[in-house]
Amino acid sequence: MPSKVRNAPDPAQAAATAMARHRHDPLELLQMLRDVEEACGWIPPEAIDCIEARLALPRAKILGVASFYSFLHLKRAGRYRILFSDNITDRMLGSLGLLDRMCRGLWVERGKVSEDGLVSVDTTSCTGLCDQGPAILVNGLAVTRLTERRVDDICELVRDEVPPGEWPADFFRVEDNIHRRDALLGTPWLPGRALEAALARSPEDLVAEMKASKLRGRGGAGFPAGLKWQACREAPGKARYLVANADEGEPGNFKDRVLLANAADAIFEGMALGAWATGARRGFLYLRGEYRFLLDHLEAVLERRRAARLLGESILGREGFDFDVAIHVGAGAYVCGEESALIESLEGKRGTPRNRPPYPVTQGYLGQPTAVNNVETFAASCLVALKGGAWYAGIGTPESTGTKLVCVSGDCEQPGIYEYPFGVEVRQVLADCGARLTQAVQVSGPSGATVPAAEFGRRLAFEDLPTAGALMVFNERRDMFEVARNFVHFFAHESCGFCTPCRVGTSLLRNMMDKLANGHGSPYDFAEIGKLNLLLQSMSHCGLGHSACNPVLGTIAKFRGAYQRRLAHEEFEPAFDLDRALAAARQMTGRDDAAAHVRPETEETA
Amino acid sequence: MDGTAPRKLKVATTSLAGCFGCHMSILDIDERLFALLEKVEFDRSPITDIKEVGQCDLGIIEGGVCNAENVEVLREFRRRCKVLIALGACAVNGGLPAQRNTLSLPLILQEVYRSEPGARYGLIPNDPELPLPLNKVHPLHEVVRIDHFIPGCPPPADAIWKVLTGLLEGKEPALGHGLIHFD
């Protein structure tokens, strides 16, 4: 008889434990709420009572934070919480059919908790396992390579209430799928070597090497890392902070996951280099909630590095060089990948992007100078410290030096990680991953660019196609309108709700795309989509709103036919059936006279 | 051209699921109404009490669409008016009446008409004279094509004036800074 899921612990006890673990520091509110959620399966009101009383925080603030993050539940959730990753690549692998199968197998309606409180099944934004999907999260842990068989097995395990910790380990196996290694993944890492090289010279020298390397930010925006470190070093402040951004939320991206699993030493060593260069004494790694399964591994690496005096006080015996890293875990919010929203989240608040300027590099964490870099940037900085800026600048293209991890998913034989020097042609990547009859690729995720076959000679580089890494492949059978619609749904779900143009605009855009998909489109709707795109681009508060229309603009520009086919009606028509909208009232009143119906418009005009 | 004054534009107005507050705002353009009447002639409108809308150049509609009769009137306006304006928050977004959209219609009818014991509470009104409610309240543009929107609850008289005079001059109306707000 398998052991049953243990009874949920006392909420007050869970809250007390969580607060003690985080030193009763209100800045750690999000981490405390995460702990309570993990212990209880949701955040019971009694737990909020305790936090409110002990930390003297307004209840509205606690509720505001808890309700912002999609992995935190303020209503009782199922004892098993199953979330299907809903990126287009998961869908192409049949995720929606598997979701239906699981709902049937568990007698539960999608998005609802089963009557006995056992289980809920729903979708979530891309979980970063596009190369081994369809993927799900079970109580926050990633399960990969779903098949019908695996779905049926999971249904049985859930019905028997076997704790996820006792499920077959193979379910949770996450592959690295590295198919091409270059300077970064091909270099064997000896922890401490890059630091030793840097400490042999001054912090100013390291900044100079970084600037000479022309290493640019790997999160997608491409800001020169050396310049950022210098600005952080020179900005006035009481303390300096470093943040490694591992909140890899852009659908199609998974290179941070592979780096964290494979080269965590390089990331933390890069952070220590950053500390040497900027004078920061504290650093954070912001790990997206979906990568919770990497937490123990990362904590172990940190512990090992502390023991080896590569972190902590007097690093490598250098008096006064103190630096340590704490890991903060996110809770399901794409917008926290934006650096100022990430800092808000680090401070235990809702992840609402700040006004910029001032930029984090002068006023970041707690208002102090803060350098936020992507984990890949930190890892690459080790190469600069080891081999010099000039050597690094020799790789890639003049404006995009070094190498880039490219995350290939979608219609190809070998999805996974491919490391190339910048400047590689899209065509080359497609040949290497075994993609055939390719119609288009989406570079850098939904907020990036849609590239049709005629443009496969274009290069991955800041001069041409800037990228955070994702490259989703679509063969000739795929409907590019559906691709764009999936991405639009993603943005509508992830809009943080702070500014009206984005909060309302992304939902309106989603409704418009659904209207076209449901066969109610007309040229009028197409023109309205164009207006909405303009509004989103010009009026939104942050990059999320600015780029929410990119997939639509891109597919309209390159695949107009996919839209044209859906403008079935010459004249405007509603997105819903007006007569059916009266059905409930007809039933309640028992009426069926002529006035109890709405005639089709054509009949009326005839 | 016969040399007389140019033909006056025909304008119709109506309130669907609204409170007539937007119409009060139309009256609020005050003495400018006289200047307006030089150029327009009102067709169906609470101002004229004409019940049927004729062929018009401009239709101004306040309120959202909450029942079968609203649908009929709105479609009539769309057919007869060259240009349609959605006036005010309810017409643009559904407004206050749309607050019922989070509840199911049967639940609302049940609560209103059947929640008290006794014979007089037993029946949901079913007279054919009464328009049946739609299961949700919709803004106008979800039911017919709308050409222009004037937001506000109610829109200020100056905003209405600016749009009307703009249209009369044959310009694309724009409210601009001061007359339009977010949040």
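The sections below take up the basis of the model, its confidence and its cavities.

## Basis

This is a predicted model, in which local features need pLDDT of at least 70, side-chain atom pairs count only at pLDDT 80 or more, and totals for chains, interfaces and linings use all residues. Residues are numbered from 1 along each chain as its sequence is written, chains are lettered from A and ligands numbered from 1 in the order in which they are written, and side-chain values use heavy atoms, without hydrogens and water.

## Confidence

The model has an ipTM of 0.91 and a pTM of 0.93.

## Cavities

A cavity is a set of points on a 1 Å grid over the protein atoms alone where a 1.4 Å probe fits but cannot get out; lining residues have an atom within 4 Å of a point. Points are joined across faces, edges and corners, and a volume is the space filled by probe spheres set on them. Two cavities of 30 Å³ or more are counted.

The largest cavity has a volume of about 90 Å³. Its lining holds 13 residues, with Arg288(A), Glu290(A), Ala333(A), Tyr334(A) and Glu494(A) nearest the centre. By class, this lining has four nonpolar, five polar and four charged residues (nonpolar: Ala, Val, Leu, Ile, Met, Phe, Trp, Tyr, Cys and Pro; charged: Asp, Glu, Lys and Arg; polar: the others, Gly among them).

The second largest cavity holds about 70 Å³. Residues lining the second largest cavity include Val335(A), Cys496(A), Phe498(A), His541(A) and Leu544(A). Seven residues of that lining are nonpolar, five are polar and none is charged.

Definitions and conventions: On a 1 Å grid over the protein atoms alone, a cavity is a set of points where a 1.4 Å probe fits but cannot get out, and a pocket is an open set with protein on both sides within 12 Å along at least five of seven lines; lining residues have an atom within 4 Å of a point.
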